[in-house]
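Reader: I have a chain open and would like to go through it with you. Can we start with how you count things?

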Amino acid sequence: MRAKSIAIVCCSLVIAAGFGCRKSPAPVAEEEPGHAAIYPDGGQAGADIAAALERAAREKKRVLLDFGGNWCGDCQVLEIYFHDAANRNLLESNYVLVPVNIGRYDENLDIAAKYGVPVSKGVPALAVLDPNGQLVYSQRNGEFEAIRKLDSTSVTAFLLQWKG
């Protein structure tokens, strides 16, 4: 029930603002209600991806890179969808999830480019890697940029399609 309440608050904030996550917003304190810290400090993305690739190789999983920012309402909604009952087991059984912080469109843009994710088209944006670090798929057209307008079954379909 709490997750649904958070989703409603996040979606309301995003809709009230009149835009998705294509633009970098005015600075927001990360501690404010409705702004979960999903994405760690941008400086650790490279190390996080390397560790995820090692784990994925051991566990025979794929790596799921989630590009976004803690300020992004749609990123907050995706996080909720990742952890709802329909998706949690699917995600944990098939992927090693790596949140990659793009800051305010000024961090880890090189990593996004390396994996073919044009974050300028909106976030959240996902890329799937095999355990060897080879790109399997990347969202190139802002597919989840307005995920608040979709339901969690869109995430379920994505996870099923690219699980390998």
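Author: Start with contact, which means heavy atoms within 4.5 Å. Among contacts in the chain between residues at least 6 apart in sequence, 72% join residues at least 24 apart.

Reader: What kind of model is this, and how are residues numbered?

Author: This is a predicted model, in which local features need pLDDT of at least 70 and side-chain atom pairs count only at pLDDT 80 or more, while totals for chains, interfaces and linings use all residues. Residues are numbered from 1 along each chain as its sequence is written, and side-chain values use heavy atoms, with hydrogens and water left out.

Reader: OK. How many helices and strands in the chain?

Author: Six helices and four strands. Helices (H or I, at least four residues) and strands (E, at least two) are DSSP runs, numbered from the N terminus. From that end the elements run α-α-β-α-α-β-α-β-β-α.

Reader: And what share of the chain is buried?

Author: Buried residues make up 49% of the 164 residues. Buried means under 20% relative accessible area, exposed means over 50%, and partly exposed is in between (1.4 Å probe, protein chains only).

Reader: Let's do helices. At what angle do H3 and H6 cross?

Author: Roughly 70°, with the axes of H3 (residues 73-82) and H6 (residues 152-162) coming within 9 Å. That makes H3 roughly perpendicular to H6, a label for angles of 65 to 115 degrees; under 35 counts as roughly parallel, over 145 as roughly antiparallel and the rest as oblique. Axes are lines fitted to C-alpha atoms, for helices over the stretch in contact, and angles run from 0 to 180 degrees between N-to-C directions.

Reader: Which residues meet there?

Author: From H3, Leu78, Tyr81 and Phe82; from H6, Ser152, Val155 and Leu159. The residues of this contact divide into five nonpolar, one polar and no charged. Ala, Val, Leu, Ile, Met, Phe, Trp, Tyr, Cys and Pro count as nonpolar, Asp, Glu, Lys and Arg as charged, and the others, Gly among them, as polar.

Reader: Is H3 mostly covered or mostly open?

Author: Mostly covered, with nine of its ten residues buried. Among them are Asp74 and Gln76, along with Leu78, Tyr81 and Phe82.

Reader: Switching to strands. Where is Leu129, and what does it touch?

Author: Leu129 lies in strand E3 (residues 125-129). Leaving out residues up to four places away in sequence, Leu129 touches Leu53, Arg62, Val63, Leu65, Tyr115, Gln134, Leu135 and Val136. Leu129 is buried, with a relative accessible area of 0%. Leu64 is 65 residues from Leu129 in sequence, but their C-alpha atoms are 6.5 Å apart in space.
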